[in-house]
Amino acid sequence: MVEKYGKDRVSQIVTFGTMAARAVIRDVGRGLNYPYAEVDGVAKMIPMQLNITIDKALELNPELRKEYETNDRIKYLIDISKSLEGLPRHSSTHAAGVVISSAQLDEYVPLAKNDDTIVTQFPMTTLEELGLLKMDFLGLRTLTVIRDSLEIIKRTRGIEIDIDDINLEDQGVYEMISRGETEGIFQIESTGMTNFMKELKPSDIEDIIAGISLYRPGPMDQIPTYIRGKNHPDEVKYLDEKLKPILDVTYGVMVYQEQVMNIVREIGGYSMGRADLVRRAMSKKKVSVMEQERKNFIYGLRDESGNLIVPGAISNGVDEKIANQLFDMMMDFASYAFVKPHATAYAVVAYQTAYLKKYYPVEFMAAMLTSVMGNNGKVAFYINACKKMNIEVLPPDINQSQVSFTVIDNKIRFGLAAVKNVGKGAIYSIICARKEKGPFTGFVDLCQKVNLSDVNKRAVESMIKAGAFDSLGFKRAQLLNVYEKTMESVINDRKRNIEGQVSFFSMGSNAQISNRDDFPDIKEFDKKYILAMEKEMLGLYISGHPLDEYKDELDIM
């Protein structure tokens with residue numbers, strides 16, 4: 001945005017942390033020099049509830065109320081805390097909010113600096129009241145997954161896909177979601193959401209949009225009604241037939257804020273602007289404003305000259321009792337209703353990931369695994385998902401692995417960056433050496449081709465344990481026994497070359513030493529130990545599982 005509109009017209013937004021009930025008691029206690037234990041005891045009497053206030057806590061907790069009424073010190077602490085409660089405590093930068101102006105921002109709002117970031121001194125609500133454009137920019141890891149998937153597909157299959165032009169009505173994609181095969185699908189892979197989709201059996205993008213909107217605290221209660229309405233649309237009932245064109249897309253359930261706006265427009269006769277004000281007041285739970293709007297919605301509103309501004313529900317032929325019920329429904333829903341364009345954007349991204357998983361599963365899962373590198377639990381989760389999909393995930397390989405997870409022969413190969421202790425310098429040195437000097441034919445060959453100041457002993461040890469050298473024909477026990485001495489020999493050889501001396505390796509002996517037989521024929525480690533090393537370096541067992549050894553016994557049991 002700064003590049004597009006100019007740094008003098010774009011700024012992030014300040015946000016003020018306020019003195020909440022528990023925090024203000026602790027702060028005041030410190031200011032009064034009260035003992036920590038005494039203040040901590042009072043603070044812990046404040047119930048852990050969202051938007052709790054000290055007054056509400058005094059009502060809810062009899063023990064706190066008793067302390068307040070009988071202990072003068074505690075009463076003094078609480079009274080001062082009540083007077084400070086809600087005041088700004090500190091400033092920080094809004095996580096996603098950005099304000100954009102058509103002229104220099106400092107002509108409209110004062111600016112400040114927060115940790116080298118330019119921010120407005122006014123919070124977002126004040127900026128909106130001033131008429132400035134506030135945007136929220138969210139960075140989604142999933143967008144990178146989609147981009148990486150498309151790049152892998154182009155590289156491995158030679159196919160270019162315009163992800164914004166795919167068929168949104170592909171029933172094969174919806175059937176996959178309905179079966180609960182949702183691992184990796186944006187917004188849908190959680191257990192609860194997966195179960196919801198299995199019950200819902202979505203058949204179009206509207207179902208995904210509604211699903212994302214409904215699966216949240218509050219509207220979750222309407223999920224059974226929505227599913228029932230989808231399965232039996234003829235049984236959907238409306239308080240008034242005028243609601244059918246507005247709510248039929250969600251089977252009679254109020255889901256989106258736009259539906260609230262359309263209801264007050266169609267039933268109450270509101271203008272677009274006034275309908276939006278009602279939506280905002282409802283979502284912010286402004287009770288006094290809403291009680292006035294209830295009257296306007298039901299009975300209408302006239303201006304000072306007697307002109308009808310809002311006709312009202314009754315004048316539109318809606319029964320007064322029905323109008324009241326409808327307004328109550330809107331009050332309940334508006335506080336947690338989703339904005340439909342927001343849900344739609346999420347649903348489209350969800351569908352795009354599902355489409356890629358359906359038709360390009362190997363490439364998509366490789367991109368998914370790359371996106372969670374460093375999170376061993378997630379990597380293990382998606383590797384298990386690959387197993388369910390009959391996609392083979394291969395261990396890291398010194399001659400095939402790239403930085404991230406890659407697709408080779410319709411299989412996924414571990415990336416070197418997923419191996420513990422292997423840094424970027426080592427990885428790029430290995431990849432560059434492969435490109436410039438050809439594949440590694442042995443361990444000594446690798447040591448001679450790479451820069452050993454980048455590929456250090458710790459990185460080599462980690463790759464050996466992870467199985468990256470298995471394809472060269474070495475046992476892991478062999479390499480762990482000789483890798484340090486071999487690397488030191490190559491380093492010393494290079495030093496002698498620099499000094500003008502003839503080295504042992506330069507005499508042509510390196511070919512013999514590269515051969516596995518030149519290393520001591522050491523017995524390979526026990527399978528359990530190999531798996532433990534993989535778990536240590538990769539965060540999971542890649543070549544099996546300790547329980548596999550007892551599989552037959554477990555099956556018998």
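Modeller: Let us start with contact, which means heavy atoms within 4.5 Å. This is a predicted model, in which local features need pLDDT of at least 70 and side-chain atom pairs count only at pLDDT 80 or more, while totals for chains, interfaces and linings use all residues. Residues are numbered from 1 along each chain as its sequence is written, and side-chain values use heavy atoms, with hydrogens and water left out.

Colleague: Leaving aside neighbours within four places in sequence, which residues is alanine 210 in contact with?

Modeller: Apart from those neighbours within four places, alanine 210 is in contact with Tyr226 and Tyr256. Its place is in helix H11 (residues 205-214). Helices (H or I, at least four residues) and strands (E, at least two) are DSSP runs, numbered from the N terminus.

Colleague: Is alanine 210 buried or exposed?

Modeller: Buried means under 20% relative accessible area, exposed over 50%, and partly exposed in between (1.4 Å probe, protein chains only). Alanine 210 counts as buried because its relative accessibility is 0%.

Colleague: How does one describe two packed helices?

Modeller: Two packed helices are described by the angle between their axes and the distance between the axes. Axes are lines fitted to C-alpha atoms, for helices over the stretch in contact, and angles run from 0 to 180 degrees between N-to-C directions. Helix H2 (residues 21-31) and helix H3 (residues 36-43) pack at about 160°, with their axes 9 Å apart. H2 is therefore roughly antiparallel to H3; angles under 35 degrees count as roughly parallel, over 145 as roughly antiparallel, 65 to 115 as roughly perpendicular and the rest as oblique.

Colleague: Which residues of H2 and H3 meet?

Modeller: Arg22, Ile25, Arg26 and Gly29 of H2 meet Tyr36, Val39, Asp40, Val42 and Ala43 of H3. By class, this contact has five nonpolar, one polar and three charged residues. Here Ala, Val, Leu, Ile, Met, Phe, Trp, Tyr, Cys and Pro count as nonpolar, Asp, Glu, Lys and Arg as charged, and the others, Gly among them, as polar. The buried residues of H2 are Ala21, Val24, Ile25, Asp27, Val28 and Gly29, and their cover includes H3, helix H4 (54-60), helix H6 (72-84) and strand S2 (88-100).

Colleague: At what angle do H10 and H11 cross?

Modeller: The axes of H10 and H11 cross at roughly 140° and come within 11 Å, and the two helices are therefore oblique to each other. Met193, Phe196, Met197 and Leu200 in H10 meet Asp207, Ile208, Gly211, Ile212 and Leu214 in H11. The classes in this contact are seven nonpolar, one polar and one charged.

Colleague: What should I know about phi?

Modeller: Most residues other than glycine have a negative phi. Lysine 201, in the loop between H10 and H11, has a positive phi near 50°. Lysine 201 counts as partly exposed, at 49% relative accessibility. Aspartate 409 lies in the loop between S9 and S10 and has a positive phi of about 55°. Aspartate 409 is exposed, with a relative accessible area of 70%.

Colleague: How many aromatic pairs does the structure hold?

Modeller: Rings of Phe, Tyr and Trp (its six-membered ring) pair if their centres lie within 6.5 Å; planes under 30 degrees apart count as stacked, over 60 as edge-to-face and the rest as tilted. The structure holds 10 aromatic pairs. One of them is edge-to-face, because the rings of phenylalanine 186 and tyrosine 346 have centres 5.2 Å apart and planes at 65°. Phenylalanine 186 is in the loop between helix H9 (171-178) and helix H10 (191-200) and tyrosine 346 in helix H18 (residues 340-359), so the pair ties together parts 160 residues apart in sequence. Both phenylalanine 186 and tyrosine 346 are buried.

Colleague: How many of the residues of helix H19 are buried?

Modeller: Eight of the 11 residues of helix H19 (residues 361-371) are buried, so this helix is largely enclosed by the rest of the structure. Those buried residues pack against helix H8 (141-157), H18, helix H20 (376-388), strand S9 (406-408) and strand S10 (411-413).
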